[in-house]
Amino acid sequence: VQLQASGGGLVQPGGSLRLSCAASGSIFRFNDMGWYRQAPGKQRELVAIITSAGTTTYADSVKGRFTISRDNAKNTVSLQMNSLKPEDTAVYYCNMGIRERAWSRTQIYWGQGTQVTVSS
């Protein structure tokens, strides 16, 4: 299984970006999906999670500005980011809990990261 993230870039404060992450390979079932970020000199932190039931959780710093969504049929998880701030600048990583076979345990997979820079 591989995850491919896309959609990062440079945006001005107040602008928007949409990140997407697509999974490919042997997939029986998805579990939770999420987005994390890591700014220079800081630890990786949770941005948002969406469970298999569609329940979402957000970091306090992004509540009301970011929206996570998933499409199991397309093997994707997305992050709509609005009202971006300079402090949102980081490398964003997607992750997914995936069972490759009906008899497999859930394993956690990570995307390669995509850079988001918010600057004027």
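This is a predicted model: local features need pLDDT of at least 70, side-chain atom pairs count only at pLDDT 80 or more; totals for chains, interfaces and linings use all residues.
**Stop 1: Arg37**

Begin with charged side chains. Side chains of opposite charge can pair when their charged atoms come close. The whole structure holds four salt bridges.

Select Arg37 and Glu45. Their side chains meet in a salt bridge, N to O, at 2.7 Å. Is Arg37 buried or exposed? Arg37 counts as buried, because its relative accessibility is 6% and the cut-off for buried is under 20%. Now look at Glu45. Glu45 is partly exposed, at 36% relative accessible area.

**Stop 2: across to Asp88**

Arg37 belongs to strand E4 (residues 29-38), while Asp88 lies in the loop between strand E8 (76-81) and strand E9 (90-99). The pair therefore ties together parts that are 51 residues apart in sequence.

How exposed is Asp88? Its relative accessible area is 1%, so Asp88 is buried. Salt bridges with shared partners link Arg37, Glu45, Arg65 and Asp88 into one network.

**Stop 3: around Asp88**

The side chains of Asp88 and Arg65 make a polar contact at 2.8 Å.

Now show the surroundings of Asp88. Which residues does Asp88 contact, leaving aside its neighbours within four places in sequence? Select Arg37, Arg65, Phe66, Ser83, Val116 and Val118. Arg37 and Arg65 in that group are also members of the salt-bridge network.

**Stop 4: Asp60 and Lys63**

Move on to Asp60 and Lys63. Their side chains form a salt bridge of 3.1 Å, N to O. Check Asp60 against the surface. Asp60 is exposed, with 63% relative accessible area.

**Stop 5: the disulfide**

Finish with sulfur. How many disulfides does a search of the whole structure find? The search finds one.

Select Cys21 and Cys94. Their sulfur atoms are 2.1 Å apart, and the two residues form a disulfide. Turn the view to look along the S-S bond. The torsion about this bond is about 55°, so the disulfide is right-handed.

Where do the two cysteines lie? Cys21 is in strand E3 (residues 17-24), and Cys94 is in strand E9. The pair therefore ties together parts that are 73 residues apart in sequence. Both Cys21 and Cys94 are buried.

Conventions: Residues are numbered from 1 along each chain as its sequence is written. Side-chain values use heavy atoms; hydrogens and water are left out. Buried means under 20% relative accessible area, exposed over 50%, partly exposed in between (1.4 Å probe, protein chains only). Helices (H or I, at least four residues) and strands (E, at least two) are DSSP runs, numbered from the N terminus. A polar contact is a pair of N or O atoms within 3.5 Å; within protein, one must be able to donate a hydrogen and the other to accept it, and residues adjacent in sequence count only if both atoms are side-chain atoms. Contact means heavy atoms within 4.5 Å. A disulfide is a pair of cysteine sulfur atoms within 2.5 Å.
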